[in-house]
Amino acid sequence: MVLEEIKKTGDIKHIKPNMMHTLAQEIREFLIEKISKTGGHLASNLGAVELTMALHLVFDPEHDKIIWDVGHQSYTHKLLTGRRDGFDNLRSYGGMSGFPKRSESDTDVYETGHSSTSLSAGIGFAKARDLVGEDYKVVAVVGDGAMTGGLAFEALNNASALKKNFIIVLNDNEMSISANVGGMSTHLMSLRTADRYLNFKEDVTRQISKIPNGDKVMDRLRRTKSSVKQLVIPGMIFENLGIKYLGPFDGHNISLLQRAFSDAAKIEGPVLVHVLTKKGHGYQPAEKHPARFHGTGPFDIETGLPLKKRTKANYTDVFSTVMRKLGDSDEKIVAITAAMEDGVGLRRFHNMFPDRFFDVGIAEGHGVVFAAGLASMGLKPVFAVYSSFLQRGFDELAVDVALQKLPVVFCVDRAGLVGEDGDTHQGIFDLSYLTMMPNMTVMAPKNKWELADMIKFAISYEDGPVAIRYPRGQAYDGLEEHREPIVLGQSEKIFEGRKVALLAIGSMVETAFDVREKLIGSGVEATVVNARFAKPIDEKMIDELAYSHELIVTLEDNVKTGGFGEQVGRVINEGGYDADILNIAIDDMFVPHGSVGVLREKLGMDSQTITDKIKELLDL
């Protein structure tokens with residue numbers, strides 16, 4: 001195997017050119033085999049194999065700086081930098097990350113996990129290089145989906161000020177996670193399909209190469225500021241911003257990419273190399289269903305079908321069903337996603353009500369303000385978004401929505417621990433950053449029925465924005481018999497007990513129920529309360545619990561700082577109660593990758609560890 005010759009960074013440069021195609025095939029086979037067992041990001045990585053190989057052939061990753069946007073396409077980069085063995089424990093606790101990690105390799109120069117950041121970071125690297133007089137190349141790889149993000153446009157505007165080489169590689173596969181939308185997508189499509197320009201360019205290149213000193217003539221043409229393509233393709237947005245444009249190039253042709261990157265490295269100032277790739281390239285199931293193989297669990301290689309069959313609905317499924325039903329009964333309900341139509345469960349709503357569905361692209365801040373505009377005119381916008389992505393619209397949440405008390409509903413998916421995607425994706429800050437905003441109502445359901453009830457409540461609520469946060473994965477279907485109506489700021493007492501009160505919010509109610517069962521074996525029947533609201537908090541219930549119990553235990557899958565437990569503690573302290581407080585939450589840290597079960601054990605948030613802590617405090 002050619003791949004076996006890659007043991008460290010730079011080894012690819014010793015592979016014979018005629019073996020590069022074989023190496024690309026072996027890399028794909030390796031990735032498919034490993035990810036079929038561990039799960040991970042497959043489609044994006046299969047599409048970037050030749051692109052990554054060409055970057056490693058032209059540049060020196062130990063000296064030059066390659067910055068990956070999002071980073072979920074960096075698996076080939078990890079292979080080419082000697083991390084082959086790490087794929088056996090990919091995304092497992094203590095194993096190799098699915099994203100660039102500076103602690104793993106010096107060639108991972110910048111950690112990422114969210115979209116549209118590589119250009120800004122790359123400009124910072126380039127400016128730092130120029131200020132201290134170093135000579136490395138800076139290459140920022142960005143996807144066409146990421147180009148819908150406002151941060152990317154801010155960086156493009158700033159890049160034109162650079163006087164020395166800065167290379168942007170636009171990896172254009174016509175996809176973010178779902179299909180791309182918007183003006184930038186349309187513009188890139190015009191470049192992809194500009195056959196008149198491509199044919200003209202090929203003819204000119206072929207004819208000039210036949211004349212004496214043709215290479216020098218071509219080099220002169222490449223350096224000419226007023227490019228011929230300006231006359232052939234109107235509206236070249238990159239050139240108009242002062243960024244040299246090269247391409248588009250076949251992203252699966254290694255030798256062509258090598259020449260393109262070598263040419264780009266010679267240009268003074270910013271240059272963009274437009275590369276056309278196919279998401280999932282080389283594996284038919286991923287080519288046919290790229291969104292499904294964006295982030296996949298273990299699967300059968302032959303069929304592409306997941307090995308683990310889903311028998312119960314997850315919270316996203318529940319949201320999807322409720323939204324479709326509510327859309328039938330209320331024409332004012334509109335739905336918004338930020339390039340995550342399938343991920344957040346809005347496919348059915350889109351199919352049923354296409355005029356009331358909006359995909360804003362990877363632009364969460366814009367999505368929040370767009371929702372504010374819709375709400376201002378009497379519509380009922382529901383913005384479904386992952387917790388870790390919503391935090392990208394923090395300022396807009398505060399100033400454009402909460403300040404104006406606009407009735408926007410935020411359905412915050414993937415709240416709490418999400419598992420294998422790791423620290424950039426854990427939704428462990430939303431209770432803190434949402435509850436700090438005046439006028440914001442924040443809720444979390446204990447099970448699938450309560451999620452449905454909360455969505456209905458939130459859409460009917462007109463006095464300000466409402467955020468409902470719920471976790472990734474299978475929806476809890478226990479405690480079905482406990483379904484009190486949702487009333488603003490009121491919690492729900494599920495079990496009456498003594499001595500210990502377990503005050504839990506969201507998915508931690510299930511954990512509280514398990515803790516109660518374990519404590520019964522030690523002679524303690526604990527009270528269990530489903531908080532429901534993180535804001536407004538049920539101070540009356542907290543007063544009642546603190547008056548009648550020795551120990552109040554708060555349970556949340558959020559960081560302690562600014563979280564639910566701190567708010568409960570404030571009420572108890574201000575009331576002067578003697579009850580002790582045990583706050584079960586996440587310490588001041590970013591949580592690494594690993595399965596949710598393992599992470600809960602490591603963080604001391606599993607039912608057995610919590611039970612042991614309570615027994616110790618009660619001297620049981």
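Reader: Across which strands does helix α12 lie, and at about what angle does it run to β4?

Author: In this predicted model, helix α12 is formed by residues 254–265. The helix lies across β3, β4 and β5. Its direction relative to β4 is about 170°.

Reader: In what order do the five strands of the open sheet stand?

Author: The strands of this open sheet are paired in the parallel sense. Its edge strands are β1 (65–68) and β4 (244–250), each of which pairs on one side only. From one strand to the next the twist averages 20°. Read across the sheet, the order is β1-β2-β3-β5-β4.

Reader: Which residue in β5 stands opposite Asp-250?

Author: Strand β4 spans 244–250 and is an edge strand. It runs parallel to β5, and five bridges join the two. The residue of β5 opposite Asp-250 is Leu-276.

Reader: Why is β4 described as largely enclosed by the rest of the structure?

Author: Strand β4 pairs on one side only. Even so, the strand is largely enclosed by the rest of the structure, because the buried residues among its seven number six.

Reader: Is Asp-453 buried or exposed, and what is its relative accessible area?

Author: Asp-453 lies in helix α20, which is made up of residues 448–460. Leaving aside neighbours within four places in sequence, Asp-453 is in contact with Arg-483 and Ile-486. A residue counts as buried under 20% relative accessible area. Asp-453 is therefore buried, as its value is 17%.

Reader: How many cavities of 30 Å³ or more are counted, and about how much space lies in the largest cavity?

Author: Rolling a probe the size of a water molecule over the atoms shows where empty space is left. The count of cavities of 30 Å³ or more comes to five. The space in the largest cavity is about 50 Å³.

Reader: How do the residues lining the largest cavity divide into nonpolar, polar and charged?

Author: The lining includes Phe-99 and Pro-100, as well as Lys-101, Glu-111, Asp-421 and Asp-423. Also among the lining residues are Ser-97, Thr-112, Gly-422, Thr-424 and His-593. The division is two nonpolar, five polar and four charged.

Note on methods:
Residues are numbered from 1 along each chain as its sequence is written. This is a predicted model: local features need pLDDT of at least 70, side-chain atom pairs count only at pLDDT 80 or more; totals for chains, interfaces and linings use all residues. Side-chain values use heavy atoms; hydrogens and water are left out. Two strands pair if DSSP finds at least two bridges between them. Helices (H or I, at least four residues) and strands (E, at least two) are DSSP runs, numbered from the N terminus. Axes are lines fitted to C-alpha atoms, for helices over the stretch in contact, and angles run from 0 to 180 degrees between N-to-C directions. Contact means heavy atoms within 4.5 Å. On a 1 Å grid over the protein atoms alone, a cavity is a set of points where a 1.4 Å probe fits but cannot get out, and a pocket is an open set with protein on both sides within 12 Å along at least five of seven lines; lining residues have an atom within 4 Å of a point. Grid points are joined across faces, edges and corners, and a volume is the space filled by probe spheres set on the points. Ala, Val, Leu, Ile, Met, Phe, Trp, Tyr, Cys and Pro count as nonpolar, Asp, Glu, Lys and Arg as charged, and the others, Gly among them, as polar. Buried means under 20% relative accessible area, exposed over 50%, partly exposed in between (1.4 Å probe, protein chains only).
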